Each structure stands twice: as structure tokens, then as C-alpha cells.
Amino acid sequence: MIKALVLMLMVTAVHAGDLVLEHVSVVDVGNLTVNHEQTVWISGQQIKAIYPDHKARKSIPNDITRLDFSGKFVTPGLIDAHVHHATDPEHHDNRSRTMQFYQHYVRHGITAVRDMGGDARLLMGYKREALLDNIQAPDIYYSAIIAGPEFFTDPRTVASSKGHQSGTVPWIRAITHDSDWTQIIQQAQGIGATGIKIYRELPGDILEPLVNEAHKQGIQVWSHTYIYPATPLDAINAGVQVVSHADGLVGTSKRDVTAWFEQGGRDFQEILANADHHQVMTQMLDQDVILDATLVIFEQLGQQSELTQIRYELAKAMTKAAHQKGIKITTGTDFPVQDLADEPMLYRELKLLVEDVGMQPIEAIQAATWHAALALGIGDTHGQITVGRQANLAVFDQDPTANISHLSSLSHVLKNGQMVYRGMPPGLPFSAARKSGGQLWLSGQLGNVPGTKTLVAGGIKAEMQQTMINIGHVLQEQQLDFDDLLQCTLMLADMNEWGQANEVYRTFFGQTLPARSAFAAAGLALGARVELTCVAQL
């Protein structure tokens, strides 16, 4: 109960105070332009105003925290529109591993993900924790899988529905012509799914009533390109909003490609010559269907065999044709495992869109932001940097619209209007914390905005609150919380502010307080009013 209370207090604290980003270049993914020398005012979780720098000083009060982002570039937060977590929660998809992936995403500027198939019993909880910022994670949107009964011997579906028969639960559902569409969609919504994912082993004539009911109930409809025996054209004509996997747009199933290969086929141009993808793409454009190309998974699988390399060539060709046609493309990786020491696979997906498809870097960024938000059904509130939208932002030291490799220059991430803690900034002459004798010794924390040397505005209470939040970030790194603290030392520039500092300090604890000393200290770093150092029990 105490931990729940502390987490609630932490979340309440995190969303206090406005933030101003000054002298920044704003990437406008709606108009495919970059607006230089801008000031972005963030209030709560939303963008309150955007001004040219020369107008900002007259329009924004002086008592707001300001960050000088001269020379930096800001984009909307990135979105990976095709991930898989909680597929096998007892093994590789356990909670610990999933939390590591979520942290990796958000610390690299990925502020939302679309999970295309997992155990919704877990995903629902993760989604709530991410929404409340109780865990370091992107916002999570997930699907309920819909397929024919033949599909549900797949071991992934068995693992994700453990405790029940695969195909009988709301998040992994087998359907036939006799299914109750209303109940199926209601139950998908009941487990928190943002959309249904039409997978495979379904005839074409079953799609329209299913999709119509989903639209009627206001839930998104996502589909594989080739559902087999239903075709891409069947899915698009039925009214799906997003189709995944570009290779399937040729109208030839994976099984057919394999059969062609086994009969000696090697030149993928033979498949393209016999494909009827032009009609499919015309319908996609007319109905504004978005393509989730998933190039990076084909690239990685293409290294395994000649057949998978052919599928990669098909995926590249279809994505390029879709882009030239004017179809909206979004960025999903569908990549199950990667070394967390590396950059996220989403960065590679964007690079492939530029290098293999011929997109301009700003178009690839648009695919990973606005188009991805549209694919998730949140295009009205996310995906662009405009007034009133969610303040999910990625900040770069170099211009990613000039060179997509500049994604590697990410310097800051904002989620829900607050700076994401990305670990200790490089170059500081100390560690955030060290372990010894069953204890965690924390370095002193100030009331600075994470990742910057800027103190929050608003006086001692604001600084004390941010100091406690910063202590909380270091504790969270070790899966600890405020009730694990044994002793703290409080240093104040002015002991007359002791009472005000205590008012804020006290709200971060339950009934049991750590031991504490307090004293006046002249010349705290950055001109801070307060510094706090603590020791926690491991």
C-alpha cells in the first residue's frame, strides 16, 4: 500500500510545472518542413503554444522553466507500429525482459508502440503502468488477434493464452461464419485492445461483417496483407485501416512464394511480373489504407536463406511502389529480439525507408510519427508538433531531416510533457549511485531538469520537488522506491527554507521516514537552493 501511495505521489509530482524549449528547430511532419528559431511552450501534458523566438519573450511568463535548445531539432515522439511483447511471458517475454525493452524504447525517443499480438492479461497492466508513468515505457496500444480455427495450433498463440484453450479467449479468437461479431468485438474492447488484428486462415467473405462491426463499435481494424485464402484486395475492400508486411501486396502468399522457389524460381521479378498489385494499391490509396511495411524484419531474415532474401526484395519493391503511388507508410519493426546495447531497430527501419525505398529523411520521420499515430487511431492528438497535441517529443543535436543517421544524435526525450530520465549524462565526475554492503549509496541530486544543467523555476518548493523526482529516477533504476531509503542528508542554501522543503519532502513517503540530517551549505552546484543525498537498502 505504501509503494502504491508513493508511486501515486511521484506521478502527481512529475506532471507539475510548465516547460519552455527555446531557440529550437521544429520538424513539421504535417507539411514536411523545418521551422527554425522556434519556442515551444509545454503545459501539463500538452503543447500550449508555439512562437517564433522573437515573439516568445513577450508571450510567455518569466517564472517558467526554460531550456536553451539552440542548434537542436525537435520531432514528434517516434512510434514503433509493430512490436510483440508478452507473447511467451514465462520465458523470453517475461516481465523483467519486457521492462528492459520498454525502457530502451522510450530512452531512444520511442514514445508509443503498437503491440500486434501478446497476452492481453499482461499488456493491459503494462499499458496502465505506462499511462501513469509508473514504469519507463512508451504508451502501449495492442491488438486482439482474429484468425481461422486452423491457425491456433501455432505455439505463440498457445503461450499467449496459457490457462485457456488457444483461440477461445478475447485476445486470441478463432472465428467462423457462425461467430457472433458483436460479442467478439465487445470482448476485444473489454480487454483493452485498441484494434483487432486479422491474421490468417480466413475466407474473403467473412471479412466484411467482421470489419463493419468493428467500425460500428469504434475499434481499429488492422490486418496482414495476405490472410490466405482471403487476399490483400479482400481485406482492403472490407475496410481495414492498416495492412502489415509489404511483401504480401504482390497478391501471392508466403506459401505460393515457397512453392515457386521449390520449383526452381529465383528471380523475384518473375513474381512481380505476374502480380496484380496495381489494383491493390489503387484501392489502398482511394480508401486511405496505411502500409506497415516492416522492412527491417525482412532484411534480418533475408540473411538466413536465399528464399527469405527474395521476400526482402519483394518487400522493398512493394514499399517503393506504394511510396511512389502516394500511399501512407508507417514504421513497424516486428523484430522480436535485439541487443539492448544497440540502437532500436526502429532507427534501422527509417534508414531502410530512405536507402531502399527512396524516401527523403523527413518523409521517413513522418512515417514514424504522424502516419504511425494515424495507424494507431490517435492522429488527432499525437504525431505532430502543434498546439493542443500531446507533448511527446524527441530532441536531436543534429538535423535528422538532413541525414537520417542523425537519429543517433538524440539528446532528450519528452513523454507526456516531462523530460525522460535517460541515465547519467556523460562527462560528470561521479556515478549516480554505487552498491556496497547491501546498500545503495546515491550521489547528491539537485532540482535540475533531467539531462540538463537547468534548475526548475519556481523557488524552493519547485526545486525540492524536482530533486525528489530525480532521486526517484535513480531508485527506479535499481527497482527500488522511496520506502527503501534508510538515510538522507539535506543541504539548503538558506535554512529559512527548511520548512517549505520539508512540506514537499514529506509527500514522497508513507508512514516510515528515513533517518535524516540537514544543514546549510553555501555555493551549491548550479546555484541550487537544495541538494539531497541518500542511502537505500538493497
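Me: Is Cys534 buried or exposed?

Reply: Cys534 has a relative accessible area of 1%, so Cys534 is buried (under 20% relative accessible area; exposed is over 50%, partly exposed in between, with a 1.4 Å probe and protein chains only). This is a predicted model, in which local features need pLDDT of at least 70 and side-chain atom pairs pLDDT 80 or more, while totals for chains, interfaces and linings use all residues. Residues are numbered from 1 along each chain as its sequence is written, and side-chain values use heavy atoms, without hydrogens and water.

Me: Which residue does a disulfide join to Cys534?

Reply: A disulfide is a covalent bond between the sulfur atoms of two cysteines. Here Cys488 is joined to Cys534, S to S 2.3 Å (the cut-off is within 2.5 Å). The link is right-handed, with 105° about the S-S bond. Cys488 lies in strand β21 (residues 485-492) and Cys534 in strand β23 (residues 530-537), 46 residues apart; strands are DSSP runs of E, at least two residues. Cys488 is also buried, at 0% relative accessibility.

Me: How do the axes of helix α14 and helix α15 cross?

Reply: Two packed helices are described by the angle and the distance between their axes. The axes of α14 (residues 345-355) and α15 (residues 361-368) come within 9 Å and cross at roughly 135°, the angle running from 0 to 180 degrees between N-to-C directions.

Me: Which residues of α14 make the contact?

Reply: Leu350, Leu353 and Val354 of α14 meet residues of α15 including Pro361 and Ile365, contact being heavy atoms within 4.5 Å.

Technical notes:
Helices (H or I, at least four residues) and strands (E, at least two) are DSSP runs, numbered from the N terminus.
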